[in-house]
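Let's take a walk through this model together, one part at a time. Have the sequence and the 3D view ready.

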Amino acid sequence: MAGVDLGTAERGLRDWLAQGFHGSMHYLQRHGAKRARPAELVPGTLSVITARMDYLPRATADGWQAIEWQRLREPQQAGVSIYARGRDYHKVLRARLQALATRLADAVAPLGARVFTDSAPVLEVELAARSGLGWRGKHTLALRRDGGSMFFLGEIFVDLELPPTPPIAAHCGSCSACIDVCPTQAIVAPYRLDARRCISYLTIEHDGPIPVELRPLLGNRIYGCDDCQLVCPWNKYAQRATLPDFDARAPLDSATLLQLWAWDEAEFLRRTEGSAIRRIGHARWQRNLAVALGNALRAQPDAEIERALRARLPAASALLAEHIGWALQQLTASAPAPPATTAR
Ligand code: SF4
Ligand code: SF4
């Protein structure tokens, strides 16, 4: 449980926005001070109940980080963030938080309650840290000693005054592994993320062209990026999900780039039904794949990839055509490939 006075976080939020680190996520700016003022976002709110849910798929093998690093080293494989391989977490968490809110209302009626998960106007990590669900890591995500950071967050805003649960101590210490490993150097200082450079933002939130100078650094990551979490020593203690909902759906944990490139829009919509990936739409999905295919071509020329890219050109939008053009240019790119991910 957390109180609703997030005053000390408000200044940090304002600075972050003022520096433009939010990129084109203008909705973050639009919500303004409300993000740091739960009682303005939902009038009458007196406390926030915070919740977390582990999402590592149940079948995750021991040593899963090594498996993930290996996938990222294989240019023709597709890198999809672990959290997105199963059912859309928004749906799962919202339904469960709503069920919890209903049970609370049955016990203490009348109760005003509103649930959120991964919602733009809510400072989720701040609330999680204040209520003791984890500490804010240098990569800006919440983490804890007995669970790492591989979990989703959700909140219930209530009009009840609840005693806050105390924060837990931070244990990043002198570690800077997440900052050092980030392929695009998006963590510009401890606890400070320049979203404009973050691969998660670029492949999911960002509409429009991916900045050319960052494209080689995306490697084969086509939806999100887990590097700063893969390297974090506390994720040795990340827990498997208890629900089947987050089990990886084939082929998202083993697909090649070419397999996914072959999906037309109808197949994309069918295959991503009930998945968070569907939210980015087929156009961004293809844009991301074109960049990754270009990176694969630079690593090693491949006639099949070249053919597949060219085949899409006639019907491509201007945005996709430009990315395909860039990808084909990688065949002759004289620049050396970016350094391989410093995988552990
Ligand atoms: S998600 Fe990837 S790109 Fe973004 S901060 Fe973490 S390591 Fe960097
Ligand atoms: S990698 Fe190190 S610095 Fe980064 S969040 Fe984990 S413990 Fe903290």
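Which residues of α15 are buried? They are Leu320, His323, Ile324, Trp326, Ala327 and Leu328. Keep in mind as you look that this is a predicted model.

Stay with α15 for a moment and consider its length. As for what covers the buried residues of α15, the cover includes α9 (215-218), α11 (257-261), α13 (281-299) and α14 (303-312).

Now turn to ligand 1. Around it you will find Cys182, Pro183, Thr184, Ile187, Leu193, Cys198, Ile199, Ser200, Cys225, Asp227 and Cys228. Two helices, α8 (199-205) and α10 (227-230), each supply at least two residues of this shell. Sorted by class, the shell has eight nonpolar residues, two polar ones and one charged one.

The structure holds one cavity of 30 Å³ or more, and the volume of the largest cavity is about 80 Å³. Its lining is made of 13 residues, with Glu68, Leu72, Val80, Ser81 and Asp226 nearest the centre. Two or more lining residues come from each of α4 (64-73), β2 (79-80), β9 (221-223) and α10. Here the classes are five nonpolar, three polar and five charged.

Note on methods: Residues numbered from 1 in each chain as written. Chains lettered and ligands numbered in written order. Predicted model: local features only at pLDDT ≥ 70, side-chain atom pairs only at ≥ 80, totals over all residues. Heavy atoms only, no water. Buried < 20%, exposed > 50% of the residue type's maximum accessible area, 1.4 Å probe, protein only. Helix = DSSP H or I, 4+ residues; strand = E, 2+ residues; numbered from the N terminus. Contact = heavy atoms within 4.5 Å. Near = heavy atom within 4 Å. Nonpolar A, V, L, I, M, F, W, Y, C, P; charged D, E, K, R; others polar. 1 Å grid on protein atoms, 1.4 Å probe; cavity = no way out; pocket = protein on both sides within 12 Å on 5 of 7 lines; lining within 4 Å. Points joined across faces, edges and corners; volume = space filled by probe spheres on them.
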